Amino acid sequence: MEEILTVKKISKKYEDVDVFSDLSLSVKKGEKVVIVGPSGCGKSTFLRCLNGLETIDEGEILIDGEKLRQDTKEIYHIREKLGMVFQSYDLFPHLSILQNIVLAPVRVQKRDKKEAEAEAMELLERVGLSSKKDNYPRQLSGGQKQRVAIVRALLMHPEILLLDEITAALDPEMVREVLEVVLLLAREGRTMLIVTHEMQFAKAVADRMIFLDEGRIVEEGSPEEFFTHPRTDRLKKFLKSFAYE
Amino acid sequence: MNEQVIIMLLEGIRDTLYMTFGSVILGYALGLPMGILLYMSGEDGLKPKPVIYRILDLIINIVRSIPFLILLILLIPFTRLLVGQSYGSTATIVPLVICAAPYIARVVDNSFHEVDEGVIEAARAMGADNWQIVWKVLLVEARTSLLTGFTITTGVLLGYSAMSGTVGGGGLGDIAVRYGYYRWDTDIMVVTVILLIVIFQIIQNVGTKISQQSDKRKR
């Protein structure tokens, strides 16, 4: 399978502290890669570097064969290939749900409004929220807002979905409804890069697990060996922190 | 009160409204782009440009620190150049606009800063360029605050337009000064003040209503 995302030895510093250094990773089309690690290990920053929301100091990032460069207009085009969903949903508070979803496809991608709205309604239907199309974000629960945010990202027809701790701000009873949507998308064969703290979910969705600690990939592998036979002590310790005995 | 006085007061109301709204509209034509530029070039703006920001910031501060009455006098040659005369309500609009634009720029910049950064980032992640973020995100998301700022600015300009009465600016302030101050006709002065209060109340109430209705974040 072809590689859709290639990260070659990237480094990033904040002032003098390494956020990560010499990080390399490649993702194939349709692959679901889940990144876990302790807070502050650089996993969110890593995702944000991929679509140029943060700059990198060294190395290069190739998306669908195109090199990501912060300083050119190409960045706008490349960002359209990456759909990002954030922890805090970040829906536009003054726009209705439907307006939220079609804004970028219509304004950025210059798609026909009718066509974009029709597709938006189909997607909303699939996540069970078509009745909310004229509501405003404040009228929705956290889980509903996050499902809308996923639909908003999908309507851009991204090559890769970047999910940045999308359930971290949710009440526990809403986590499932959001993760079920993600599982649905995973089964459709979408390429996804997921940062999460939900280990059960990671196990269910991942083709490959990555453990990031102190800006380095400490361990990488299939979910089975990753969770049942962790090789490094650091990963063993990290996984243990999720278990109650 | 005889008929003449009533006609004079009505004309005063008309001139006051003309100056206030004329200057607010022209003030925004100048101040809104300035505010957008101020926000964009600022440190945490969309495209930080320290030099542009500092120059703009300095100009705004200088103009804002000149008392309006002094500005009015300082600008007389400029006003004469622009409208041909330095008195009357049309002439008054010139210093009002010069005074209002930097004020408006600050108000606009402030409103933009109230927009949640996450939302701007989301727009950026979806491939929006800076102008699309300004037009489709900032102006929309900051609208409640922008409308509140508009109302406050209009109120300030109403007050300033009255102040210009001291140098023959026309409108209700002019009447209040000429009759109330120079001729000791307290009745007319009281009436003009009441009229100004009523106009201010109407502007403020309508403005508040509109900005509340524009707010989709809460009921």
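**Which residue takes a positive phi in the hairpin of β9(A) and β10(A)?** It is E214(A), with phi near 50°, in a hairpin that has two residues between the strands. A note on the model before going further: it is predicted, so local features need pLDDT of at least 70 and side-chain atom pairs count only at pLDDT 80 or more, while totals for chains, interfaces and linings use all residues. Residues are numbered from 1 along each chain as its sequence is written, with chains lettered from A and ligands numbered from 1 in the order in which they are written.

**View 1. Strand β9 of chain A and its partners.** Strands here are DSSP runs of E, at least two residues, and helices are runs of H or I, at least four residues, both numbered from the N terminus. Two strands pair if DSSP finds at least two bridges between them. On one hand, β9(A) runs parallel to β3(A), joined by four bridges, and V33(A) stands opposite R208(A). On the other, β9(A) runs antiparallel to β10(A) (residues 216-221), with five bridges; here D213(A) has R216(A) as its bridge partner. Strand β9(A) (residues 208-213) is mostly covered, with five of its six residues buried (20 or more other C-beta atoms within 10 Å of a residue's own, C-beta atoms being placed from the backbone; exposed is 12 or fewer, and partly exposed is in between).

**View 2. An open sheet in chain A.** Four strands line up as β2-β1-β4-β5, with antiparallel pairing. The edges are β2 (17-28) and β5 (66-67), each of which pairs on one side only. Strand β4(A) (residues 58-63) meets β5(A) over two bridges, and E66(A) in β5(A) is the bridge partner of I63(A).

View 3. Domain 1 puts 13 residues into the contact and domain 2 puts in 12, where contact means C-beta atoms, placed from the backbone, within 7 Å. On the domain 1 side, β1 (3-14), β3 (32-36) and α8 (223-228) each give two or more residues, and β3(A) has the largest share, three. That side has 10 nonpolar, one polar and two charged residues (nonpolar: Ala, Val, Leu, Ile, Met, Phe, Trp, Tyr, Cys and Pro; charged: Asp, Glu, Lys and Arg; polar: the others, Gly among them).

**View 4. The largest nonpolar core.** Such a core is a set of buried Ala, Val, Leu, Ile, Met, Phe, Trp, Tyr and Cys residues joined through C-beta atoms within 7 Å. This one has 125 residues, and V34(A), V151(A), L162(A), L163(A) and A100(B) touch the most other members. Helix α5 of chain B (residues 89-113) gives the most, 15 residues. Domains 1 and 2 of chain A both contribute, so the core lies between them. Leaving aside neighbours within four places in sequence, the contacts of V151(A) are I101(A), A120(A), L123(A), L124(A) and V127(A).

**View 5. Chain B where it touches chain A.** Chain B has 10 helices and zero strands. The contact takes 19 residues from chain B and 20 from chain A. On the chain B side, α6 (117-125) and α7 (130-141) each supply at least two residues, with α6(B) giving the most, six. By class, that side has seven nonpolar, three polar and nine charged residues.

Definitions and conventions:
Contact = placed C-beta atoms within 7 Å. Domains from an automatic or database assignment.
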